[in-house]
Amino acid sequence: MPQTSQGRLMDGTAVARRIVEETARRAADLTARTGVTPCLATVLVGDDPASVTYVRMKQNRSRRAGIASRHVPLPAATTTDELVGVLRELSADPAVHGILLQHPVGEHVDERAAFEAIAPEKDVDGVTFASFATMSFGLPGFVSCTPGGILRLLDAYDVDPAGKRAVVVGRSAILGKPAGMLLLARDATVTYCHSRTRDLSAAVREADIVVAAVGRPRLIRGQDIKPGAVVLDAGYNEGNVGDVDFDTAVERASLITPVPGGGGPITIARLRGRAVTARPPARGV
Ligand code: NAP
């Protein structure tokens, strides 16, 4: 593990590798026991180059983990009704165990309606209302993938959030909000910051754990990081830059994620793992 003068890097790629190995073992075990090969279906509307690359990456890595993938490419002009129809079909298909709708889906599509067409037991990305509800009640279910990955990274580096002050910058439904809820469930004292927060620096300075989930390059400066804090940067901005000013933050943090190589690889690895976890088909296991 690379050392810096202050902070140690949290190596998301290495943690992701362990998740993939674990997934491959579980997939092989499931197939040996039941004859079922877990299958992750990916649905992509349009041909946005970043989304195409992301989906291809997920498919290739799924194959390596012994998980079948089924890709459903749809034209950019696909309507909400058509997309809902495709997702319902996949939800009803016993050969499909996990469904991933690559988003954004295009402004003319009602994204929420599309997400809700995914059966909760196949919602490996944790995007449905049902998944959000089970997460907030602390019940078994699929938590949003990136926030879950953040917790996984903390666990991998033996950081126990209990009793710590966590500041989550960003409150989106897919990232900031669930990240804070998961930290709360692990007994951290959580503060959310957002675009209307009056003094972001003052809030960040209090944090033992900082989660950056904004999408603004280098918004969080090293001078605001409490010495010894753990810094998780989920932001991904143009030019491979995170939401944290890494060069200054690394001087004060005890542990810090690089961008890229922090949360991203874990998110993808966890999606595959979940295709194995997803409820097996009705023919029974
Ligand atoms: P989003 O929906 O645009 O939400 C951004 C959040 O940041 C909002 O809550 C917004 O506040 C807040 N914000 C904006 N400007 C701010 C400021 N100056 N100070 C404090 N808060 C501010 O974005 P998202 O989907 O959550 O994604 C956030 C970042 O994470 C992006 O860079 C994205 O690429 C990245 N991401 C990474 C992964 C991964 O796997 N690593 C996964 C998903 C997303 P308001 O609510 O007040 O508008």
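Buried means under 20% relative accessible area, exposed means over 50%, and partly exposed lies in between. These terms are used in the legends below, which describe a predicted model.

**Close-up 1. Arg152 and Glu22 form a salt bridge.** Their side chains meet at 3.1 Å, N to O. Arg152 lies in helix 6 and Glu22 in helix 1 (residues 12-34), so the pair ties together parts that are 130 residues apart in sequence. Arg152 is partly exposed, at 26% relative accessibility. Glu22 is also partly exposed, at 29%. A search of the whole structure finds nine salt bridges.

**Close-up 2. Arg186 and Asp155 meet in a salt bridge.** The N to O distance between the side chains is 2.5 Å. Arg186 sits in the loop between helix 7 and strand 6, and Asp155 sits in helix 6, so the pair links parts that are 31 residues apart in sequence. Arg186 has a relative accessible area of 32% and is partly exposed. Asp155, at 37%, is partly exposed as well.

**Close-up 3. Helix 7 is largely enclosed by the rest of the structure.** Seven of its 10 residues are buried. These are Gly176, Pro178, Ala179, Gly180, Met181, Leu182 and Leu183. The buried residues pack against helix 5 (129-136) and helix 6 (145-156). They also pack against strand 5 (165-169), strand 6 (189-193) and strand 7 (209-212). Just after helix 7, Asp187 takes a positive phi of about 70°.

**Close-up 4. A patch of positive charge lies on the surface.** Arg171, Lys177, Arg196 and Arg198 gather here. Lys177 belongs to helix 7 (residues 176-185). Lys177 is partly exposed, with a relative accessible area of 36%. Patch residues must have over 30% relative accessible area and no salt bridge. At 36%, Lys177 therefore passes the area cut-off.

Methods:
Residues are numbered from 1 along each chain as its sequence is written. This is a predicted model: local features need pLDDT of at least 70, side-chain atom pairs count only at pLDDT 80 or more; totals for chains, interfaces and linings use all residues. Side-chain values use heavy atoms; hydrogens and water are left out. Patches are made of residues with over 30% relative accessible area and no salt bridge: like charges are joined within 9 Å, nonpolar side chains (Val, Leu, Ile, Met, Phe, Trp, Tyr) within 5 Å. Accessible areas come from the Shrake-Rupley method with a 1.4 Å probe; for residues, only the protein chains shown count as cover. A salt bridge is a side-chain nitrogen of Lys or Arg within 4 Å of a carboxyl oxygen of Asp or Glu. Lys and Arg count as positive and Asp and Glu as negative; His and the chain ends are not counted. The place of a charge is taken as NZ of Lys, CZ of Arg, CG of Asp or CD of Glu. Helices (H or I, at least four residues) and strands (E, at least two) are DSSP runs, numbered from the N terminus. Buried means under 20% relative accessible area, exposed over 50%, partly exposed in between (1.4 Å probe, protein chains only). Contact means heavy atoms within 4.5 Å.
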